[in-house]
Amino acid sequence: MDIRNVRPFPAPQARLDIDTPSLGLTRRLRRNRKADWSRRLVRETRLTTDDLIWPLFLMDSSEARTPVAWMPGVDRLNIEEAVRQSVHAASLGIPAIAPFPFVDKALRDPTGSEALNARNLMCRAVRAIKAEVPQIGIICDAALDPYTSHGHDGVMEGERILNDASVAILVQQALALADAGADVIAPSDMMDGRVGAMRGALDASGHEDVQIMAYAAKYASAFYGPFRDAIGTNATLIGDKRTYQMDPANSDEAIAEVALDLEEGADMVMIKPGLPYLDIVARVKDHFRVPTFAYQVSGEYAMIMAAAGNGWLDGERAMIESLMAFKRAGADGVLTYFAPKVAEKLKAMG
Ligand code: PBG
């Protein structure tokens, strides 16, 4: 039986006895909504598996998985399991993954030196995944926060996060990731000038095909909380990130950030967080008409999962609706922890 043919309500028994004067309407927008076939015909936005980028968490462990407490349904994966899950993601048709490392606390230091180690967790994982599933895109974050003892994306002098010194290190990190086989470098650090510096260094070292997806408009947001639990920076972060990530009050500044990253050579731009910043997504897409992505961040995921877990909303519907909203706003794709779940659902729906 096709579930779409099931009538949700009993047929009306009799006409309601209400005196109804004619409204004289020529245009009734409800007419196109009267049945599923008609709603499908007039639907303006489609969500497909091609729209999904799957962020996943890596760890060095003999265990295959450990749960991320603040993100129900999300686990940290060891390299073997990350390879298996990448095979699964590719088989579902998910175009790309975005791995993030949980770095052993003993390996963190003030300058994030482990980020430059060609044998670090990320580089080993990228090599292993590329060897097994070359057809899936791998998008690698360039930022030092998983590697620094203070949890910041750059290096510090006293209380200050140094811009140019951080960029010099981030460029080396990008090169290490590209050497390991990263398809896309995604600088998420928000230092000024990092896209241009990375582009130059990538080109000079034979990586001219490596793309750059710039976290172009990344806001200093409370919605990253669960991510910091996932990669273990919540306890270590000193202060906040407001001197480099954007003020949530600003919109024109996002246009300036995107313009600069494009001038410096970004192939794709990203807005982050997602749903609370859909106005920025729409504005950036309208203004620049370039490949524009949005990140449905950990806090957005956690909110839906927590409410669904309490029975306060239908989690699956909220998941699909939220992702559709990104598409409607103009995003070309979404980084979402729901990616495998959504891809499975879309596959089941044919
Ligand atoms: C690190 C980084 C963060 C996220 C992606 N890259 C956290 C931060 O800036 O503190 C957040 C992703 C999420 O919350 O899902 N530069």
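Colleague: How do the residues of the lining of the second largest pocket divide into nonpolar, polar and charged?

Modeller: Bear in mind that this is a predicted model. Here is the general idea: rolling a probe the size of a water molecule over the atoms shows where empty space is left. In this case, the lining of the second largest pocket has eleven nonpolar residues, three polar and four charged. The space inside that pocket comes to about 300 Å³.

Colleague: Which residues lie nearest the centre of the second largest pocket?

Modeller: Look for Trp54, Gly73, Val74, Tyr337 and Pro340, out of 18 lining residues.

Colleague: And which element gives the most to that lining?

Modeller: That is β1, with four residues. At least two residues each come from β1 (52-59), β3 (75-77), α2 (79-92), α9 (298-309) and α11 (339-348).

Colleague: Now to strand β8. Are its faces covered, or are they open?

Modeller: In a regular strand the side chains alternate between the two faces of the sheet. For β8, residues 184-187, both faces are covered. Val184 and Ala186 are buried on one side, and Ile185 and Pro187 are buried on the other.

Colleague: Which strands are joined to β8 by bridges?

Modeller: Strand β5 (residues 137-142) runs parallel to β8, joined by four bridges. There, Ala142 stands opposite Pro187. Strand β9 (residues 211-218) is also parallel to β8, with two bridges between them. Ile185 has Ile212 of β9 as its bridge partner.

Colleague: What does the chain pass through between β8 and β9?

Modeller: The chain goes through helix α5 (residues 194-204), making a right-handed β-α-β crossover.

Technical notes
Residues numbered from 1 in each chain as written. Predicted model: local features only at pLDDT ≥ 70, side-chain atom pairs only at ≥ 80, totals over all residues. Heavy atoms only, no water. 1 Å grid on protein atoms, 1.4 Å probe; cavity = no way out; pocket = protein on both sides within 12 Å on 5 of 7 lines; lining within 4 Å. Points joined across faces, edges and corners; volume = space filled by probe spheres on them. Nonpolar A, V, L, I, M, F, W, Y, C, P; charged D, E, K, R; others polar. Buried < 20%, exposed > 50% of the residue type's maximum accessible area, 1.4 Å probe, protein only. Pairing = 2+ DSSP bridges. Right-handed = clockwise from strand over helix to strand, strands pointing away.
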